[in-house]
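Subject: Structure for your review

Dear colleague,

Please find the structure below, followed by an account of what was found in it. Kindly read the text with the model open beside you.

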Amino acid sequence: MTDHAVAAPAVTRPRAAASPLGPVALTTLLFGAFLPMLSFFIINVALPAIGSDLHAGSGALQLVVGSYGIANATLLVVGGRLGDGFGRKRLFLVGLTGFTVMSLICAIAPTIGVLLAARVAQGAAAAAMTPQVLASISALLTGEHRARAMAMFGVAGGAAAALGQILGGVLVEANVFGLGWRAVFLVNVPVGLLAIAAGARLLPETRADKAQRVDLVGAALLALTLVLLLLPLTEGRPLGWPLWTWLCLAATVPGVALLGLHQHRSERSGRHPLIPPTVLRLRAMRIGLLLAVAFFTTFGGFMFVFALATQGEAHMSPLEGGLSLLPMAVGFLITSIYGPRLQVRYGAGLILRGWLIQAVGYALLAVVALTLWPHVDPLRLAIPMLVAGFGAGLVMVPLIGVVLSQVPPTQAGLGSGILLTSQQTCLALGAATVGTAYLSLSTTTWDQRGALAAVALAITAISLLMTPVTHQLRSSGRGA
């Protein structure tokens with residue numbers, strides 16, 4: 001390596017600056033983005049089996065998804081601040097270790113209560129791990145190397161989202177050693193152990209020059225608000241919407257107001273709030289958050305709904321349900337390969353094109369649902385899922401990078417934390433809101449065919465509505 005550095009021409013000096021984070025170390029670090037997202041989506045296809053084995057209703061199954069997202073979203077910014085102060089490598093390894101241990105506990109959970117508690121802890125561990133990925137990339141890499149690593153961060157999340165339910169279907173169907181659904185959690189354990197060993201050996205330690213205090217009050221208020229919103233949305237329908245569900249929903253309004261007031265007061269007094277109002281006042285951040293809310297809420301909700309629909313009236317096995325998502329994974333793979341180059345050329349225009357293509361894919365899916373359901377199979381769903389996956393990848397992969405490229409560098413770290421928090425919040429919100437709407441429609445107004453078509457058409461409409469919003473982002477390339 002020394003000989004190569006001496007012989008290299010001057011133009012390769014930026015590569016030398018990137019040497020603290022080599023390919024294997026970067027891959028290990030990116031597991032901090034891949035595993036938490038994989039764990040969110042791999043569970044969807046296993047939900048019917050979990051419900052049958054642990055005698056859990058639809059509300060509890062929504063909480064299996066939502067509880068993980070709530071814990072993760074609430075603590076992401078806290079995890080980032082702790083990493084700045086105590087060391088990002090240290091927090092990454094602590095989070096990865098906790099995530100691995102909680103995955104094992106999820107795999108052996110004897111009751112739905114134990115599973116839900118372990119999922120909360122698993123989400124909290126992921127929140128300690130994921131922020132260190134972006135922070136370490138920013139601290140250790142520069143220029144082209146940093147841009148490429150940021151793109152790979154988006155690719156890791158997108159690939160995990162697309163491949164999660166496919167892998168989940170394979171594992172549940174294979175029923176290795178009679179594990180059934182438990183294998184979707186157990187698969188994290190050997191991967192986590194390998195990543196822990198590699199990370200301890202290869203990752204350099206970094207920390208902020210000046211650590212910021214953690215806004216624990218803000219984190220608690222955010223958690224309370226999310227619970228007040230998501231708990232009644234998931235439990236209200238199966239319980240017949242008792243009074244407490246409406247009181248909780250009503251309480252979210254003062255909860256949001258109290259959180260906002262605390263954040264404003266913290267910033268005015270010179271402290272470091274969880275969600276700084278000055279960052280939210282940046283035009284690019286406001287637009288980026290709106291796009292993130294629209295995309296991740298609909299995407300998380302659709303993945304939850306699709307797993308229930310394919311294993312419901314369509315009578316697909318978990319493997320067939322997972323394979324139905326293979327074309328979507330192919331679409332994500334294509335955008336993962338070509339997305340970074342296209343992002344340089346088109347900037348925010350790439351996201352705009354993604355919304356349009358995604359709208360076409362979901363519209364095609366609605367047509368298939370209305371005309372062929374329940375007589376469908378992975379082949380008949382292939383074209384709509386491929387188009388939807390290609391469009392979703394063009395939105396998801398470049399979203400964080402495009403938004404942060406328009407945020408002042410001094411606020412990029414806070415911006416990334418807010419965007420990641422909104423990502424996890426909206427994935428959980430999607431399972432609660434879109435899932436509840438689907439379950440209500442499929443059991444009261446329509447059958448599963450009509451409910452799935454309604455969800456697909458709603459996502460189509462939202463995608464089209466987001467195109468003029470995306471156009472407001474300044475293009476960092478040649479065309480929006």
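His-262 is located in helix H12 (residues 243–268); helices here are DSSP runs of H or I with at least four residues, strands are runs of E with at least two, and both are numbered from the N terminus. This is a predicted model, in which local features need pLDDT of at least 70, side-chain atom pairs count only at pLDDT 80 or more, and totals for chains, interfaces and linings use all residues. Residues are numbered from 1 along each chain as its sequence is written, and side-chain values use heavy atoms, with hydrogens and water left out.

His-262 counts as buried because its relative accessibility is 18% (buried means under 20% relative accessible area, exposed over 50%, and partly exposed in between, with a 1.4 Å probe and protein chains only). Apart from neighbours within four places in sequence, His-262 is in contact with Asp-215, Val-217, Gly-218 and Leu-221, where contact means heavy atoms within 4.5 Å.

Next comes helix H10. Helix H10 (residues 188–202) has 15 residues and reaches 20 Å from its first C-alpha to its last, close to the expected 21 Å at 1.5 Å a residue; the expected span is 1.5 Å times one less than the number of residues. Which residues of H10 are buried? They are Asn-188, Val-189, Gly-192, Ala-195, Ile-196 and Gly-199. Seen down the axis of H10, these buried residues fall within an arc of 125°, so they line one face of the helix; the arc is that of the directions from the helix axis to the C-beta atoms. Leu-193, Leu-194 and Arg-201 are exposed on the other side of H10. The cover over the buried residues of H10 includes H3, helix H6 (88–107), H7 and helix H9 (183–186).

Some backbone features also deserve attention. Most residues other than glycine have a negative phi, and most peptide bonds are trans. Phe-177, in the loop between helix H8 (143–174) and H9, has a positive phi near 55°. Phe-177 is exposed, with a relative accessible area of 79%. His-315 also has a positive phi, of about 55°, and its place is in the loop between helix H14 (283–310) and helix H15 (318–323). His-315 is exposed, with a relative accessible area of 67%. Finally, a cis peptide bond with omega of about 5° joins Trp-373 and Pro-374; Pro-374 is in the loop between helix H17 (348–372) and helix H18 (382–404).

Yours sincerely
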